[in-house]
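Open your viewer and get ready to select residues by number. We will go stop by stop.

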Amino acid sequence: MIIEIPGTPISKARHRLGRRGNQTCMYDPQNADKQRLKVYLKSQMKKLGQFLRSTSTTYTIKFQFYFPIPGSISKKEKNHYLWGHRNYLIANDNDNMEKFYCDVGNKILYYDDKQITRLQSIKAFSTKPRTVIELIPHDELKDKRLEEIMGIYSPLDIEDLITKCETIKNFYNM
């Protein structure tokens with residue numbers, strides 16, 4: 001499932017301390033952004049006909065964060081950014097952006113972001129700033145024979161078998 005969120009990607013900000021009368025309290029300065037994004041994600045899930053899976057489902061999540069190109073550069077430089085030939089340090093850290101979007105996805109894309117077992121992200125420039133989220137569930141194996149084989153042999157056993165098969169193939173010039 002792929003969801004595209006228009007606008008400049010958002011990094012997670014720290015909670016802030018505020019005062020109400022004589023009391024000090026903590027508040028989330030991004031609460032409005034999170035609520036807006038949750039509404040958007042729910043509408044996209046409905047539009048795509050997607051639903052929450054089991055709490056035992058794990059996921060790979062891939063983020064693509066596209067930032068606006070800096071305004072005060074030449075057309076030539078702009079094209080280099082678009083082609084990915086220029087590396088311009090974007091202030092936003094990947095981990096802060098990943099955390100923001102993973103937190104917002106709780107109970108919408110998955111029950112809890114602890115279900116995410118693999119994560120990948122890139123930052124790039126675009127004339128169309130946006131965040132693209134690809135969520136890939138690691139569903140249970142549907143093929144019972146494959147599940148049985150995977151229970152007997154480790155990945156190293158399979159690699160060893162492939163190497164031996166290639167040696168036999170080369171020996172018989174197949």
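Select D33. D33 is partly exposed, with a relative accessible area of 28%. Here buried means under 20% relative accessible area, exposed means over 50%, and partly exposed is in between (1.4 Å probe, protein chains only). A salt bridge is a side-chain nitrogen of Lys or Arg within 4 Å of a carboxyl oxygen of Asp or Glu. Side chains of opposite charge can pair when their charged atoms come close. R36 and D33 are three residues apart in helix α1, so about one helical turn separates them. Helices (H or I, at least four residues) and strands (E, at least two) are DSSP runs, numbered from the N terminus.

**Before moving on: what you are looking at**

This is a predicted model: local features need pLDDT of at least 70, side-chain atom pairs count only at pLDDT 80 or more, and totals for chains, interfaces and linings use all residues. Residues are numbered from 1 along each chain as its sequence is written, and side-chain values use heavy atoms, with hydrogens and water left out.

Colour by pLDDT, the predictor's confidence in each residue, from 0 to 100. The protein averages 86, and 95% of the residues score at least 70. Which element has the lowest mean pLDDT? Strand β2 (residues 16–20) does, at 79, while β1 has the highest, at 95. Where pLDDT is low, the predicted coordinates should not be read in detail.

Select K128 and E4. They form a salt bridge, and their closest N and O atoms are 3.0 Å apart. K128 lies in the loop between β5 and β6, and E4 in strand β1, so the pair ties together parts that are 124 residues apart in sequence. K128 is partly exposed, at 46% relative accessible area. E4 is partly exposed as well, at 33%.

Next, select K99 and D113. Their side chains meet in a salt bridge, 3.4 Å from N to O. This pair links distant parts of the chain: K99 sits in helix α3 and D113 in the loop between α3 and β5, 14 residues apart. Is D113 buried or exposed? D113 counts as buried, at 19% relative accessibility. K99 is partly exposed, at 38%. K12, K99, D103 and D113 are linked in a network of salt bridges.

**Stop three: a loop residue**

Select K107, in the loop between α3 and β5. K107 has a positive phi of about 65°, although it is not a glycine. Most residues other than glycine have a negative phi. K107 is exposed, with a relative accessible area of 62%.

**Stop four: the core**

Which residues touch the most other members of the largest nonpolar core? Select L41, Y101 and Y110: of its 25 residues, these touch the most other members. A nonpolar core is a set of buried Ala, Val, Leu, Ile, Met, Phe, Trp, Tyr and Cys residues joined through side-chain atoms within 4.5 Å. In soluble globular proteins, nonpolar side chains tend to be buried together.

Stay on Y101. Leave aside its neighbours within four places in sequence. Y101 is then in contact (heavy atoms within 4.5 Å) with residues including I5, L37, F63, F65, Y110 and I133.

**Stop five: a nonpolar surface patch**

Select I149, I152, Y153, I158, L161 and I162. Together they make a nonpolar surface patch of about 560 Å². The elements giving two or more residues to the patch are α4 (144–152) and α5 (155–171). α5 gives the most, with three residues. L161 is found in helix α5 and counts as partly exposed, at 48% relative accessibility. I162 is also in helix α5, and is partly exposed at 45%.

**Last stop: two distances**

Draw a line from I162 to K47. They are 115 residues apart in sequence and 44 Å apart in space, C-alpha to C-alpha.

How values were computed:
Patch = residues over 30% accessible without salt bridge, like charges linked within 9 Å, V, L, I, M, F, W, Y side chains within 5 Å. Areas by Shrake-Rupley, 256 points an atom, 1.4 Å probe, with all protein chains shown as cover.
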